[in-house]
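Please work through the following exercises with the sequence and the model side by side, trying each task before reading its solution.

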Amino acid sequence: MRSVKEVSVAIIGGGPAGLAAAVRLYDKGIKDIVILEREKMPGGILRQCIHDGFGLTRFKETLSGPEYAQRFIDMAEERKIPYITDTTVLEITPDRKIYAASKNGILEIQAKAVILAMGCRERTRGAISIPGERPSGVYTAGVAQSYINLYNKMVGKEVVILGSGDIGMIMARRLTLEGAHVQAVFEIQPYSSGLPRNVEQCLRDYNIPLYLSHTVTDILGKERLEGVVVSRVDEHMQPIPGTEKTYTCDTLILSVGLIPENELSIGAGVTLDGRSKGAVVDENYQTDIEGIFAAGNVLHVHDLVDFVSREAESLADAVAAYIENGELRKCSLEVETDTNITHTIPQKISGEKSFLLSMRVRQPMKNCEIVISQGGQIIKKKNFKKALPAEMIQIPIDAEKLNSSENLEVSAIC
Amino acid sequence: MEQYDITIIGAGVVGCAVAREISRFQLRTVVLEKDMDVACGNSSRNTGMLHAGFTYAPGSLKAECTVEGNQEFDQVAKELDVPFKRTGKLVIGFNETDRANILKFKKIGEINGVKGMRMINREEMDKIDPNAGGEFAMYVPSSGILDPMQYTIALAENACSNGVKFRFGSKVEKILREGDTYRILTSSGEFRTKWVINCAGMYASQISEQLGYPNYPVRGFKGEYYVLDKKAGKNMPIPIYPAPNEKGGFATHATPTVDGNVLVGPDSYLTDEPEDYKTTKEHMDGLYRDGLKMFSEMKREYFIRNFAGIRWKIYNPSTGENQDFVLESDDAHPHTVNLVGIESPGITCALPLGRRAAAIIKEKEQPDNNPSFNPCRKGIRRFSEMSPEEKIHAVAENPDYGEIVCRCETVTRAEILTAIHNPLGVHTVTGIKNRTRATMGRCQGGYCETRITEMIEKELGISETDVRYSKAGSYMFTGKVR
């Protein structure tokens with residue numbers, strides 16, 4: 001049993017966020033760290049993402065998920081950063097004590113700082129209340145991806161996909177390549193909820209139709225799935241009677257959204273943001289519990305892993321400063337948004353530090369302008385020909401332009 | 001062809017309770033079940049209430065068995081090692097009509113022998129549950145909550161360890177009477193038996209007719225439910241029911257489960273189809289609307305799952321009145337016990353009914369006592385319910401307790417392995433779920449289902465195409481990828 005009693009920084013999760021934070025911390029001179037990973041090896045969800053398209057921003061080349069993860073695993077191993085696998089954290093206390101279970105026993109760690117990097121989970125059939133029978137053959141996209149790519153098991157032959165999230169579209173292609181027939185992808189919104197490049201590369205290139213403003217309204221089959229009923233929805237996303245159409249299929253793949261996995265954060269007393277479903281953080285990625293930080297998909301769901309790595313590195317810079325100085329600048333200014341913006345990261349700032357402002361728009365907007373201001377004073381403006389909910393917007397904010405007394409206002413204007 | 005003294009048709013809670021009570025005697029007993037596990041029908045599709053017995057007509061079998069089953073349940077839960085909380089119940093009222101209805105049923109409860117019921121004011125309600133609505137309430141201390149799946153499994157496992165055989169995938173197709181004995185043709189072969197006990201639930205009227213008893217007219221009262229996240233259950237110490245209507249029916253209510261979730265429902269509407277368990281948008285929307293009115297934590301972000309169950313009630317076609325449970329046995333139908341119309345509160349009544357069925361057989365057969373009968377059964381020890389010290393010891397003793405497979409419900413590899421090797425030989429994913437709670441949490445198996453199916457294959461040496469979700473045809477994989 002590797003008994004780690006006290007560390008400077010404990011990182012919960014060895015996925016892309018955890019690994020990037022660990023490497024950056026080490027390079028900043030904080031070497032007394034540990035990564036706790038529940039799986040057999042680090043890499044997180046990237047391990048099952050065997051398609052390419054990762055790393056264009058970060059490494060200027062296109063990598064598969066495992067390849068992208070391996071770059072960071074190699075960096076961690078070169079630095080001999082300790083990671084403990086097959087270990088599930090059971091509890092984090094507000095005073096940063098961590099209890100974890102492994103086959104070697106119950107681990108107890110006292111950390112000066114804790115980095116939450118647990119990633120996210122998928123929304124399920126129950127979460128979106130799809131009516132109908134309860135047969136086998138209904139899988140979330142990530143579970144189907146795991147079965148096919150990690151366990152080598154084929155989940156079905158005649159497939160319908162609900163939700164145009166990125167994983168759903170990637171699974172449409174994957175299932176097609178493995179010989180399944182993907183009949184269609186249905187999306188309840190009037191626009192795709194995934195990246196435009198995935199609509200092109202995963203659906204159009206394979207002649208898989210995408211139906212917008214449609215949803216599954218019934219599930220048929222008492223044993224294995226026998227079919228789904230799909231209906232068109234109105235502008236309030238309510239099914240329109242009379243538009244029902246039955247698709248005979250043995251498999252329904254759900255790609256209906258991701259939720260940051262914050263059960264441990266809640267246990268630690270961290271306040272969550274009802275909009276992002278992740279922690280409320282300041283410009284240092286510190287939560288409202290001192291010494292507990294969060295980055296990556298546990299904080300807010302990203303569309304590109306490259307941005308996760310970058311965010312975790314910024315977090316690591318702040319954590320390094322926290323370890324060195326014992327505290328960070330208080331952040332008492334709020335970041336406020338108009339109704340066109342769903343949420344921002346961070347939600348709190350000091351007004352004295354430069355930071356990267358991340359946000360998403362609520363619905364697709366054309367020729368819009370993101371305006372960032374303080375007390376009516378415009379700090380930054382950025383024009384977008386097209387802004388999509390599927391694409392996170394990130395705008396660097398320069399400390400020199402900020403004051404430290406007024407809340408920051410973010411709005412999207414058409 | 002297998003030969004038995006006693007054949008029980010149906011492995012719902014009643015069939016399993018009858019089996020457990022008969023296992024006290026030296027009788028070769030088998031339970032025939034069409035599905036692949038116990039409690040696949042309405043035994044698992046209910047609120048999990050241990051009812052007190054204040055809404056059932058005095059003198060009825062329902063009333064008698066409910067009060068009996070309620071009073072003994074602390075002992076039963078201990079013997080069978082099943083989760084149970086005697087939470088009590090609040091039946092809340094807002095106005096004088098509510099008060100009149102509540103008092104009417106309080107009186108009935110008193111006649112039935114329900115102990116300790118009393119009217120309480122708002123001040124006292126605040127002490128029990130400040131979040132409860134209403135101006136006043138009837139406090140029913142004897143009500144409780146249990147896990148109906150775990151309970152049925154426990155009854156079956158206890159019966160099994162005392163010698164009863166379970167035959168799953170054995171749908172009864174025909175019952176042939178040969179003198180005073182029976183030949184039962186099933187989807188898995190033929191069984192010869194002296195006694196037949198009808199515990200077939202929604203199909204009990206059909207079996208009843210095959211045995212020569214009436215084909216009792218039944219009506220299906222279907223109800224749908226929402227299952228809410230444990231976050232919604234944090235501040236819910238006690239089930240809260242609205243005042244009943246004058247027939248003793250309750251509108252939609254929220255009930256905590258013994259595991260800390262919340263059930264919202266059931267509503268009630270008629271159905272004709274025996275296994276019509278589909279959920280519908282109309283009723284889910286209705287539950288959401290009604291749920292919002294009475295339960296502040298009815299939030300969409302807490303939705304985990306939906307399910308439906310059906311109470312098949314015997315009714316009198318000429319008056320439309322619902323009837324009492326039927327438990328009968330007579331010489332015109334030798335060596336049979338006929339149980340029909342066992343619906344809510346069937347969980348509470350299961351053992352009292354089982355005892356009555358066993359008594360009929362005991363009287364006729366005068367069997368010897370089963371010398372090795374043990375009323376106790378041990379459940380799977382749950383890591384999530386251990387103290388910190390117990391966890392350390394458990395992992396030291398068995399390292400598989402240190403491997404968390406289901407993160408949401410903190411279920412370990414040790415528990416899942418024990419479940420896969422359960423005494424009844426059930427190996428469906430749903431079977432593992434009902435025995436361990438793995439996949440029952442908020443991610444609904446997103447993290448652990450892949451691991452559980454892999455464990456089922458490896459432990460039982462079966463291929464991926466043989467893994468079943470719940471029913472015989474509910475395959476999960478079409479083969480290997482390549």
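The exercises below treat a helix, a chain interface, cysteines and some backbone features.

This is a predicted model, in which local features need pLDDT of at least 70 and side-chain atom pairs count only at pLDDT 80 or more, whereas totals for chains, interfaces and linings use all residues. Residues are numbered from 1 along each chain as its sequence is written, chains are lettered from A and ligands numbered from 1 in the order in which they are written, and side-chain values use heavy atoms, with hydrogens and water left out.

**Exercise 1.** Determine how many residues of helix H4 of chain A are buried, and what covers them.

Solution. Begin with the terms: helices (H or I, at least four residues) and strands (E, at least two) are DSSP runs numbered from the N terminus, and buried means under 20% relative accessible area, exposed over 50% and partly exposed in between, with a 1.4 Å probe and protein chains only. Helix H4(A) spans residues 141-149, and nine of its nine residues are buried; among them are Val143(A), Ser146(A) and Tyr147(A). The cover includes, from chain A, strands E9 (120-122), E10 (138-140), E11 (153-154) and E18 (251-254) and helix H5 (166-177), together with helix H14 (449-460) of chain B.

**Exercise 2.** Describe how H4(A) packs against H14(B), and which residues make the contact.

Solution. Two packed helices are described by the angle between their axes and the distance between the axes. Axes are lines fitted to C-alpha atoms, for helices over the stretch in contact, and angles run from 0 to 180 degrees between N-to-C directions. Here the angle is about 40° and the axes are 10 Å apart. H4(A) is therefore oblique to H14(B), because angles under 35 degrees count as roughly parallel, over 145 as roughly antiparallel, 65 to 115 as roughly perpendicular and the rest as oblique. The contact (heavy atoms within 4.5 Å) is made by Val143(A), Ser146(A) and Tyr147(A) on one side and Glu449(B), Thr450(B) and Thr453(B) on the other.

**Exercise 3.** State how much area chains A and B bury between them, and which three residues of chain B supply more of its share than any other three.

Solution. Buried area is the accessible area (1.4 Å probe) that two parts lose on being put together, summed over both. For these chains the value is about 4,300 Å², with 52% of it on carbon and sulfur atoms. The contact takes 49 residues from chain A and 54 residues from chain B. Of the area that chain B buries against chain A, Lys278(B), Arg407(B) and Val481(B) supply 16%, more than any other three residues.

**Exercise 4.** Find how many disulfides the structure holds, and examine Cys408(B).

Solution. A disulfide is a pair of cysteine sulfur atoms within 2.5 Å, and the structure holds zero of them over all chains. For Cys408(B), the nearest cysteine sulfur belongs to Cys443(B) and is 3.8 Å away, and Cys408(B) is in no disulfide. Cys408(B) counts as buried at 16% relative accessibility.

**Exercise 5.** Locate Pro266(B), Pro345(B) and Gln366(B), and say what marks the backbone at each.

Solution. Pro266(B) is joined to Gly265(B) by a cis peptide bond with omega about -5°, in the loop between strands E16 (262-264) and E17 (269-271) of chain B. Pro345(B) is joined to Ser344(B) by a cis peptide bond with omega about 0°, in the loop between strand E20 (336-340) and helix H10 (346-365) of chain B. Gln366(B), although not a glycine, has a positive phi of about 45°; Gln366(B) is found in the loop between H10 and helix H11 (388-397) of chain B, and counts as exposed at 60% relative accessibility.
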